[in-house]
Amino acid sequence: MGQIVGAALVSHHPGLMQCEEFRRAMGAGADSDLIAGYARLRQRMEAARPDVVMIFDSHWFTTGYHLVDGGKRYQGTYISDEMPWYLHGVPYDYRGHPALAALIETVSRERGGYNRAISHPDLGRQYATVNLVKQLRLELSDLPVVTVSSCQNCEWKHFLDSGETLGEAISRSGLRVLLLASGALSHKFNPIDWKPRHPRIFHESNVSSPENMASDKAAIALMEQGRHDEILARWNDEYRRLPWEAFGAHYLQMLGAMGGAKCRAEGQVLSEYENARGTGNVHIWFDTLGEATTP
């Protein structure tokens, strides 16, 4: 039987790919704690000993299907069309896992679902995947990476259903799989002419609004308690309306794979809660082997 050996909500924001000198200048002399948080996350990943890392990419938007990349290897040099003046020239070279991607499609077809595998040599990468591959040093460990898209014509329950399919496929696979939900919580950008409230650009007071910051912190507290059911109960009225990045596709698919509303995996916060152009960012680790879902 395969199993989910760990999971995390992880920030990928592009400012973390700037050089340390620039990050410290923007941080009023101190680096973003999300950088140190990557090291903390790497320690937990190494202890979990995964065979495969599955990344829920909140920038890979698809229509009609939840896609899973099924290529054998991904190689290239990444440039962002969003901010090409600094996020460019990033080399990447990592393995995929075609067998797991194919199994996910098989399970989805059995269940009448919408998960499909895609393998095309010209299919581009998104920085929600590439940044984690680099920051978590997945190339150096030679761990296979399978990326899952965020299907944009879905409601939140569709993402949970997608995750449930992924969880079933993982169970059948015989693999030790680690899940990474790559994205922010509240995802409202500050205007282009916005002036920082705090000289440290990463400071939480620079998040788009006090209300969004308070909502993010309340969600983080619920994750720490393992009360994912409470987050789902408040989804339509609160988190969907903020909204979270990719309308929460990254978190919801990860949670669906972990049991949905029954999941009680308690989160361990591995970084400070920080601003990135108004969005709320944090790293949170979930020990999936140390908890059981509710009956």
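The largest pocket in this predicted model has a volume of about 730 Å³. Of the 30 residues that line this pocket, His 13, Gly 15, Tyr 86, Ala 276 and Arg 277 are the closest to its centre. Turning to secondary structure, three elements each supply at least two residues of this lining: α1, β10, which covers 274-276, and β11, which covers 279-281. Helix α1 gives the most, with 3 residues. As for composition, the lining of the largest pocket divides into 16 nonpolar, 10 polar and 4 charged residues.

Let me stay with helix α1 for a moment. The helix spans residues 20-26, and Arg 23 is found in it. Is Arg 23 buried or exposed? Its relative accessible area is 9%, and because the limit for a buried residue is under 20%, Arg 23 counts as buried. Which residues does Arg 23 touch, leaving aside its neighbours within four places in sequence? The contacts are Gly 15, Leu 16, Gln 18, Ala 30, Asp 31, Ile 35 and Phe 202. One of these partners, Gly 15, has already been named among the residues closest to the centre of the largest pocket.

I come now to the second largest pocket. About 230 Å³ of space lies in it. Its lining consists of 14 residues, and those nearest the centre are His 66, Gly 113, Tyr 114, His 158 and Asp 161. Helix α6, residues 156-173, provides the largest share of this lining, namely 4 residues. The lining of the second largest pocket comprises 3 nonpolar, 9 polar and 2 charged residues.

Finally, the protein chain as a whole. The chain contains 10 helices and 12 strands. Its C-alpha atoms fill a box of roughly 55 × 40 × 35 Å along the principal axes. For 295 residues, a compact globule would have a radius of gyration near 19 Å; the chain has 18 Å, so the two values agree. Of the 295 residues, 57% count as buried, and Arg 23 is one of the buried residues. Considering contacts between residues at least 6 apart in sequence, 78% join residues at least 24 apart. The chain exposes about 12,800 Å², of which carbon and sulfur atoms supply 51%.

For the largest pocket, α1 is the element that gives the most to the lining, whereas for the second largest pocket the largest share comes from α6.

Key. Residues numbered from 1 in each chain as written. Predicted model: local features only at pLDDT ≥ 70, side-chain atom pairs only at ≥ 80, totals over all residues. Heavy atoms only, no water. Buried < 20%, exposed > 50% of the residue type's maximum accessible area, 1.4 Å probe, protein only. Contact = heavy atoms within 4.5 Å. 1 Å grid on protein atoms, 1.4 Å probe; cavity = no way out; pocket = protein on both sides within 12 Å on 5 of 7 lines; lining within 4 Å. Points joined across faces, edges and corners; volume = space filled by probe spheres on them. Nonpolar A, V, L, I, M, F, W, Y, C, P; charged D, E, K, R; others polar. Rg over C-alpha atoms; globule rule 2.2 N^0.38 Å. Areas by Shrake-Rupley, 256 points an atom, 1.4 Å probe, with all protein chains shown as cover.
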